[in-house]
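Please look at the sequence and the predicted model below, and then work through the questions one at a time.

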Amino acid sequence: AATTLAGALDACEAVGRVRLLVVPNAYFGGNVSVAGLLSGADVATAIERDGHDGTYVIPDIMFNDDGLTVDDLSAADLRERTGAHLRVVSSDATGLLDALRVV
């Protein structure tokens, strides 16, 4: 999805205002590239390594109906672990565009 998202960021002229952070899926392995199967630990590790002090937008599809990732972390857990400002947004195009308008 990174290639598609990079193209979308370019198309809506967000390059320079928004960076794309690719999160490797260590939990299930490198061949799994579905946002719904990203672990909270993998996201937290990527954010910690990135060291950026801005806002991170993460898709709601990462969380189940109980608000937990596949490794049982909530958005609040991710915020606490990373100290980052996180926004959970709808994983459809409208959710992404709405998030980019705020940035």
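Reading the model step by step

Q: What is the relative accessible area of Arg81, a residue that counts as partly exposed?
A: Residues are called buried under 20% relative accessible area, exposed over 50%, and partly exposed in between, using a 1.4 Å probe and protein chains only. Arg81 is placed in the partly exposed class because its relative accessible area is 42%.

Q: What kind of model is this?
A: Residues are numbered from 1 along each chain as its sequence is written, and side-chain values use heavy atoms, with hydrogens and water left out. Local features need pLDDT of at least 70, side-chain atom pairs count only at pLDDT 80 or more, and totals for chains, interfaces and linings use all residues, since this is a predicted model.

Q: Which residue forms a salt bridge with Arg81?
A: A salt bridge here is a side-chain nitrogen of Lys or Arg within 4 Å of a carboxyl oxygen of Asp or Glu, and by this rule the count comes to one. The closest N and O atoms of that pair are 3.4 Å apart, and the partner of Arg81 is Glu48.

Q: How many residues apart in sequence are the parts that Arg81 and Glu48 tie together?
A: Helices (H or I, at least four residues) and strands (E, at least two) are DSSP runs, numbered from the N terminus. Glu48, partly exposed at 39% relative accessibility, lies in helix α2, whereas Arg81 lies in helix α3 (residues 75-82), so the pair ties together parts whose separation in sequence is 33 residues.

Q: Which residue lies 9.6 Å from Ala46 in space, C-alpha to C-alpha?
A: Ala46 lies in helix α2 and counts as buried because its relative accessible area is 10%. Although they are 36 residues apart in sequence, a distance of 9.6 Å in space separates Ala46 from Thr82.

Q: How far apart in space are Val22 and Ala46, C-alpha to C-alpha?
A: Val22 is found in the loop between α1 and α2, and it is exposed, with a relative accessible area of 54%. Val22 and Ala46 are 24 residues apart in sequence, and their C-alpha to C-alpha distance is 7.8 Å.

Q: What is the angle between the planes of Tyr27 and Phe28?
A: Rings of Phe, Tyr and Trp (its six-membered ring) pair if their centres lie within 6.5 Å, and planes under 30 degrees apart count as stacked, over 60 as edge-to-face and the rest as tilted. The structure holds one aromatic pair. It is formed by Tyr27 and Phe28, which are 4.9 Å centre to centre, and it is edge-to-face because the definition asks for over 60 degrees and the angle between the planes is 85 degrees.

Q: What is the area of the nonpolar surface patch made by Tyr27, Phe28, Val34 and Leu37?
A: Patches are made of residues with over 30% relative accessible area and no salt bridge, like charges being joined within 9 Å and nonpolar side chains (Val, Leu, Ile, Met, Phe, Trp, Tyr) within 5 Å. Accessible areas come from the Shrake-Rupley method with a 1.4 Å probe, and for residues only the protein chains shown count as cover. Tyr27 is partly exposed at 44% relative accessibility, and Phe28, in the loop between α1 (2-11) and α2 (40-50), is partly exposed at 43%. Together with Val34 and Leu37, they make a nonpolar surface patch of about 370 Å².

Q: Where is Asp72, a residue with a positive phi, found?
A: Asp72 has a positive phi of about 65 degrees although it is not a glycine. Asp72 counts as exposed because its relative accessibility is 54%. Its place is in the loop between β1 and α3.
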